[in-house]
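Please walk through this structure with me, starting from the whole and ending with single residues.

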Amino acid sequence: MMATREKLTMAQALNRALRDAMAEDETVVVFGEDVGHLGGVFRVTDGLTAEFGEQRCFDTPLAESAIVGVAVGMAMNGMRPVVEMQFDAFAYPAFEQVASHVAKMRNRTRGRVALPMVIRIPYGGGIGGVEHHSDSSEAYFAHTPGLHVVTPSTVADAYGLLRAAIASPDPVVFFEPKKLYWAKEEVDVTQAVPPIGTAVVRRTGTDATLIAYGPAVPVALDAAAVAAQEGRSLAVVDVRTLVPFDDETVCQAVRATGRAVVVAEASGFASVAAEIAARITERCFHSLAAPVRRVTGLDIPYPPPKYEGFHLPTVDRILDAVDDLQWEDG
Amino acid sequence: MRLLPSQTPVVLIDAEGEARPHDTYTLAHDDELLDAYAGLVAARRLNDQASVLVRQGRLAVYPSSHGQEACQVAAARVLTDEDWLFPTYRDTAAIVARGVDPVEALTLLRGDWHCGYDPYAHRVAPQATPLATQLPHAVGVALAARMRGESTVVLALCGDGATSEGDFHEALNFAAVLQAPVVFFVQNNQYAISVPLARQSAAPTLAHKGIGYGVPGEQVDGNDVAALLAVLGAAVQRARSGEGPQLVEALTYRVAPHTNADDAARYRADDEVKAWLARDPITRLESYLTRRDALTPERKQAIAEEADRLAEAMREGLSRDEPADPADLFAHVYASPTPQLTEQARMVADELEREAEV
């Protein structure tokens, strides 16, 4: 196949991933709220009904629990459903299906019933959304054994990871950072897809390592760029897959610098960021010159748009945390 | 299309064992009813044997369907091999009637694993413990089959209490909008643990709930296996021919407590139970078939002996005790274990090795 580079937004790359997967495998079906003729509220499913027909991409009643539950039944019976939860907070009604069935079916049946299905959840803030439209709910899912939890931060990964998620024999909860839907990048979708379960070093550095995922990755990269101007060299690791977690890549990057700051949008208490910080401490303690710091959302319900600038991790907050990493002792 | 159920529940053989003519539904031939009778006797034996095994400590718990055997047997008998059954935790007798080995079916309640049988072998989904959550799965299985042009029908079981759950409503609505070939079969046994039906629903009947979704509802005497076979059979036929889902409510009674851990005396009177015992599903069919000379003493004896063999197989199978292998804990969480699970499996294996050395 010829390598073809083209400029796509993340939403377009996700759309391409769905289209390519559906063209390749007729068991891939897409359904959810407004995903049919409208093409989804973020247009991620744009044109799929027209191209593949109503059998393959269709609108459903407004019933998130049933959307996920029906996907379970379809996956039990030979299909590869990809369902869309319209917004992070609208996925909560489906949580019982996810926790009691999606995550457990393979285990309860001793591996006899696999559920190759993908639950797509647009998540996170920074888009001026009114309440219930900006949650970072990944910790609930990452805490539930039996699920893979994935979140891309680049256009190329959005395509590749969604292809990998659809091809996975296990259920994948696929978190799409809303803030990055319109981020444009020149990509080559014919490139090999990144395997689920691998983190990637986005920027190398020698003084400290920032570990981020999803919408926090560009913020961490911005912070590293500013730090470089100030004479400090920061590495940035993009976690990409929250479950299964790539301890090896993360720990290697932390050991190389001896200092670590975990950056995430979600509230910090009992969060994925907390887990990452604990894992680094357990595995890299003797390489660390300072305690692992976290820069996360505040421990508050997601604020109104007017206030979200105070809540979300910023370049300044990340650089302040880096400044705190006991440089005088190092 | 008629959406509301008939004024009175469909009865074809009444509590005295008399045939009752019906405008819509016809009574099955004696041969089919004899097979159903054998099924009822086996289901009763299974229920009673399982309850004994709980008292002996061989099962952790058993939610008995004693008194509901007509529903259990009919649910299995109206389906063909290409169909699917979606049972709840109280439907072990239906699962066994569908052909699943009783020892495998009781694995869950023994605590040896969660689902002990291969769901694909007999097209029986794992028993659902969270209420009504299996109903959307049934819709999904049915839709997938229909997409491939298969004529599969899915029969999904739930109880009266489960009709209050959100998934009940979402599944019926979804099935109706997408015309999924699903028969929703509610066994109204009058109680959700201790809570009576009046605290569950103010609807005239549970079968009335279908109208809100454009799903036809039918109400049937749940202790009359002949009526159940006719009503469920027609619903399955209707779904198979592409006319969409149906809701069937069977009026029956949970004669036993919720489980062995329950104390039914705290919430219901003995007289109520006695009144239902007089409507027993086996007694009425037995007197109907005996009166017609279809059920001879020899045949009755043979059926009882067959049920005894089932009970013996249960006792024997459940007396075997396989040791738990902790490696199983990690084997089926994902298609291949994550690095973290591999690490934890090694930790548990190390612990056991050290214990063995002591």
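This is a predicted model: local features need pLDDT of at least 70, side-chain atom pairs count only at pLDDT 80 or more; totals for chains, interfaces and linings use all residues.

Residues are numbered from 1 along each chain as its sequence is written, and chains are lettered from A and ligands numbered from 1 in the order in which they are written.

Start with chain A. It has 12 helices and 14 strands. Helices (H or I, at least four residues) and strands (E, at least two) are DSSP runs, numbered from the N terminus. The radius of gyration of chain A is 20 Å, close to the 20 Å from the globule rule for 330 residues, so chain A is as compact as a globular protein of that length. That radius is taken over C-alpha atoms, and the rule is 2.2 Å times the number of residues to the power 0.38. Along the principal axes, the C-alpha atoms of chain A fill a box of roughly 65 × 45 × 45 Å. Of the 330 residues in chain A, 56% are buried. A residue counts as buried if 20 or more other C-beta atoms lie within 10 Å of its own, as exposed if 12 or fewer do, and as partly exposed in between, with C-beta atoms placed from the backbone.

Chain A splits into domain 1 (6-187) and domain 2 (200-323). These bounds come from an automatic or database domain assignment. The centres of the two domains of chain A, taken over C-alpha atoms, are 26 Å apart. How many residues of domain 1 of chain A are in contact with domain 2 of chain A? There are 25, and they meet 22 residues of domain 2. Contact means that the C-beta atoms of two residues, placed from the backbone, lie within 7 Å. On the domain 1 side, helix 6 (138-142), strand 6 (148-150), helix 7 (155-167) and strand 7 (172-177) of chain A each supply at least two residues. That side has 10 nonpolar, 10 polar and five charged residues. Here Ala, Val, Leu, Ile, Met, Phe, Trp, Tyr, Cys and Pro count as nonpolar, Asp, Glu, Lys and Arg as charged, and the others, Gly among them, as polar.

Now look at a sheet in chain A. Five strands form an open sheet in the order 9-11-10-13-14, with mixed pairing. Two strands pair if DSSP finds at least two bridges between them. Strand 9 (200-203) and strand 14 (293-297) of chain A are the edges; each has a single partner strand, so one side of each lacks a neighbour in the sheet. From one strand to the next, the twist averages 25°. Strand 9 of chain A runs antiparallel to strand 11 (residues 234-238) of chain A, and three bridges join them. In strand 11, Val236(A) is the bridge partner of Arg203(A). Helix 8 (residues 216-229) of chain A packs on this sheet and touches strand 9, strand 10 (208-212), strand 11 and strand 13 (260-267). Its direction makes about 170° with that of strand 11 of chain A. Such angles run from 0 to 180 degrees between N-to-C directions, and axes are lines fitted to C-alpha atoms, for helices over the stretch in contact.

Next comes the meeting of the chains. 36 residues of chain A are in contact with 34 residues of chain B. Helix 3 (64-76), helix 4 (95-102) and helix 5 (105-108) of chain A each give two or more residues to this side. Helix 3 of chain A gives the most, with nine residues. By class, the chain A side has 15 nonpolar, 14 polar and seven charged residues.

Chain B is divided into domain 1 (30-322) and domain 2 (324-358). Their centres, taken over C-alpha atoms, are 38 Å apart. Chain B also has an open sheet of five strands, in the order 1-2-3-7-6, with parallel pairing. Strand 1 and strand 6 (217-221) of chain B are at the edges. Neighbouring strands of this sheet are turned by 20° against each other on average, direction ignored. Strand 1 pairs with strand 2 (residues 154-159) of chain B over three bridges. Trp84(B) has Val154(B) as its bridge partner in strand 2.

Finish at one residue. Pro87(B) is in the loop between strand 1 (84-86) and helix 3 (92-97) of chain B. Is Pro87(B) buried or exposed? Pro87(B) is buried, with 26 other C-beta atoms within 10 Å. Leaving aside neighbours within four places in sequence, its contacts include Ala94(B), Val124(B) and Leu157(B).
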